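Biologist: Hi, I'm new to this one. Could you walk me through it?
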Amino acid sequence: MTTPESDADAAREALAALRAEVAKAVVGQDPVVTGLVIALLCRGHVLLEGVPGVAKTLLVRTLSAALTLDFKRVQFTPDLMPGDITGSLVYDARTAEFEFREGPVFTNLLLADEINRTPPKTQAALLEAMEERQVSVEGTARALPDPFIVVATQNPVEYEGTYQLPEAQLDRFLLKLTVPLPPREQEIAVLERHALGFDPRDLTEIKPVASAAGLAAGRRAVAQVHASAEVLGYIVDVARATRQSPSLQLGVSPRGATALLAAARAWAWLSGRSYVTPDDVKALARPALRHRVGLRPEAELEGATPDGILEGILATVPVPR
Ligand SMILES: Nc1ncnc2c1ncn2[C@@H]1O[C@H](COP(=O)(O)OP(=O)(O)OP(=O)(O)O)[C@@H](O)[C@H]1O
Ligand SMILES: [Mg+2]
């Protein structure tokens with residue numbers, strides 16, 4: 001017989017297995033994999049940032065291979081049109097009627113690769129679908145599947161001909177995960193895999209180990225994780241401190257504070273706890289908030305970074321005991 005507890009345990013095991021599957025193809029990058037699992041649990045969208053060649057695309061492709069979810073990938077290019085994302089009405093000569101042809105957003109997991117290579121109009125079509133979880137074409141709203149999670153990749157280097165996402169739209173991503181260059185030993189391990197014949201195009205070795213039902217069971221369990229009044233107060237104090245920081249011109253919105261709470265709860269559950277600690281909040285503060293703060297130009301010139309500012313805030317805001 002299954003109980004909510006046994007479903008939750010099974011879901012946690014499936015997510016552990018998911019990490020193991022991803023590790024078959026991707027060396028290291030554990031914080032990024034954890035962030036992606038947290039986003040799956042929260043049904044939140046993720047922005048993945050890293051220089052070219054650190055396995056951003058490989059990570060998401062492997063994750064999708066380890067999930068029994070529908071997956072689509074869109075390479076964002078300068079000539080991509082909004083309808084290429086959402087779908088559009090096409091004329092059917094046989095029936096003499098217009099019918100809707102679904103675009104790639106009609107999926108569970110969408111890899112929006114190199115989102116900053118496409119002009120704002122097309123970015124906006126995707127960001128609207130992310131927020132509303134539906135698309136409207138010619139006045140008719142069509143619901144997207146559940147879950148619908150976007151993982152968008154972007155390059156931190158500002159090349160000519162790229163379009164930075166507007167700050168207001170960045171708020172729609174639950175997490176921004178940075179994919180760092182690997183340490184020396186891990187880079188050697190990458191080369192060893194290639195020397196042994198690993199082909200990143202062939203992911204047939206990756207087996208699906210988690211399903212939408214498993215994620216839903218995990219999500220129900222996360223909803224039971226308790227966040228005390230002290231922890232809620234702590235999250236709000238951190239958010240308020242970003243609004244008062246002299247280095248920031250844009251602080252975290254209440255939506256950002258709720259995102260931090262959601263991510264911290266998922267992380268607490270993944271760590272096997274039924275309550276959120278201030279350390280959970282600290283652990284998720286950077287990925288949940290770094291894309292929601294705007295540096296003042298002076299601070300940027302002095303070399304300040306969102307992560308650095310957030311670190312300073314976490315070091316000064318009193319932690320509840
Ligand atoms: N941590 C890693 N584990 C395994 N393979 C890796 C790792 N980092 C890089 N590679 C290798 O580098 C290749 C490039 O990765 P990928 O195309 O996913 O990079 P990317 O970050 O998406 O780059 P771009 O920004 O150019 O799209 C991978 O296919 C893989 O062979
Ligand atoms: Mg890529």
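Biologist: How many bridges join strand β6 to strand β9?
Modeller: Four bridges join β6 (residues 109–113) to β9 (residues 149–154), and the two run parallel. Strands here are DSSP E runs of at least two residues, and helices are H or I runs of at least four, numbered from the N terminus. This is a predicted model, where local features need pLDDT of at least 70, side-chain atom pairs count only at pLDDT 80 or more, and totals for chains, interfaces and linings use all residues. Residues are numbered from 1 along each chain as its sequence is written, while chains are lettered from A and ligands numbered from 1 in the order in which they are written.
Biologist: Which residue is the bridge partner of Leu110 in β9?
Modeller: That's Val150.
Biologist: And what's the strand order in the open sheet?
Modeller: β3-β6-β9-β1-β10, five strands with parallel pairing; strands pair if DSSP finds at least two bridges between them. β3 (71–75) and β10 (175–178) are at the edges with a single partner strand each, so one side of each has no neighbour in the sheet.
Biologist: Switching topic, which residues of α2 are buried?
Modeller: Val32, Gly35, Leu36, Val37, Ile38, Ala39, Leu40, Leu41 and Cys42. Buried means 20 or more other C-beta atoms within 10 Å of a residue's own, with C-beta atoms placed from the backbone.
Biologist: What comes just after α2?
Modeller: Arg43, with a positive phi of about 50°.
Biologist: How many residues surround ligand 1?
Modeller: 16, with Pro52, Ala55, Lys56, Thr57 and Pro200 the closest. A residue counts if its C-beta atom, placed from the backbone, lies within 6 Å. Helix α3 (residues 56–65) gives the largest share of that shell, three residues.

Note on methods:
Buried ≥ 20, exposed ≤ 12 C-beta atoms within 10 Å, placed from the backbone.
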